[in-house]
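Subject: Structure handover

Hello,

Here is the structure I promised to pass on.

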Amino acid sequence: QTPIPVARIVYDPSKANPRRQQHGRIIAVTTHQKQQRLEFPYHARVLHGGLYATASRTAFLLKPPPFVPVQQDIELTSSFDFPLTVYKAEFPSTAAPLFKVTRFGQPQILYPGEAASPVSVAFTPNSSDEEFHTILRLFTNASIFTVPIHAYDGKLNYIVDGPNEGILDFGALSSAEPREMTFRVVNKNPVEVILLDYSCALGYARISFLGVRPSAQDGRGLPGLNRGKSPEKTKSLNISLPSG
């Protein structure tokens, strides 16, 4: 018979005691007359710490043609209190032929607090305007970790605060009626983008800067591998049409 999912179980390691083997039983009660009680044993070993990747080494900028392969060393830092051995690194099949592991020999050992680059990644772009996101799987003596890898174009997006998010539409107004509109410039790239200047091409309008804040999607990175990740930022600007 085909198994039918009946429940989803979530294990929260933050509530586990340090250095303790967690075990117990999950009990399911059924209406079956011959077996009304089912017990499922579980076992978990909680390791406190994490493996962190330097965000600047996991991001690859898409440049105009001619496309040239780029190679970067992936820098990792372990916060576990025991040596962490990385014995395998690989991409999912969907990442080929854009990304591939180019340097990984013998198993590499990361000691507590140590930053090292046990693996190198080669990126071969085939387009300058198609972002791509994938993961690098790291097989270790503790667990299998995933490092987010990004190919980004460096472009900024904007959102208009109004009925139409894509158009600054001031509508019909008289010469004595001032009107203001606010739009947000959003950096969705995995690295910081510096806005050096801003201006308005309309001679009868002025633009002013309101502020910078993290977007609502900040912290999208995978748990345990987002240290050093630049949060997605929103820069708000205001355009006003003065009266007269």
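This is a predicted model: local features need pLDDT of at least 70, side-chain atom pairs count only at pLDDT 80 or more; totals for chains, interfaces and linings use all residues.

Residues are numbered from 1 along each chain as its sequence is written, and side-chain values use heavy atoms, with hydrogens and water left out.

Strands

Strands are DSSP runs (E, at least two residues; helices are H or I, at least four), numbered from the N terminus. Two strands pair if DSSP finds at least two bridges between them.

Q71 has A122 in β9 as its bridge partner.

β6 pairs too. It runs antiparallel to β8 (residues 108–110) over three bridges, where T85 is partnered by I109. β6 is also antiparallel to β10, with four bridges. There, A89 stands opposite L138.

Cores

A nonpolar core is a set of buried Ala, Val, Leu, Ile, Met, Phe, Trp, Tyr and Cys residues joined through side-chain atoms within 4.5 Å. Buried means under 20% relative accessible area, exposed over 50%, partly exposed in between (1.4 Å probe, protein chains only).

The largest core has 25 residues; L76, F99, L136, L138 and I149 touch the most other members. Two or more residues each come from β3 (51–53), β5 (70–78), β6 (84–90), β9 (115–123), β10 (132–140) and β11 (144–152). β11 gives the most, four residues. A second, separate core holds six residues, including V160, F170, V185 and I207.

Aromatic contacts

What surrounds F99? Contact means heavy atoms within 4.5 Å. Leaving aside residues up to four places away in sequence, F99 touches F60, F91, V121, A122, F123, F132, T134, I149 and A151. F99 counts as buried because its relative accessibility is 3%.

Rings of Phe, Tyr and Trp (its six-membered ring) pair if their centres lie within 6.5 Å; planes under 30 degrees apart count as stacked, over 60 as edge-to-face and the rest as tilted. The structure holds eight such pairs. F99 and F132 are a stacked pair, 6.1 Å centre to centre with 25° between the planes. The two are 33 residues apart, F99 in β7 and F132 in β10. At 21% relative accessibility, F132 counts as partly exposed. Ring pairs also link F60, F91, F99, F123 and F132 into a cluster.

K88 has its charged end over the ring of F139, 5.1 Å from the centre. The criterion is NZ of Lys or CZ of Arg within 6 Å of the ring centre and within 35 degrees of the ring normal.

Loop residue

T30 lies in the loop between β1 (21–29) and β2 (37–45). Its relative accessibility is 28%, so T30 counts as partly exposed. Not counting residues up to four places away in sequence, T30 touches Q35, Q36, R37 and L38.

Best regards
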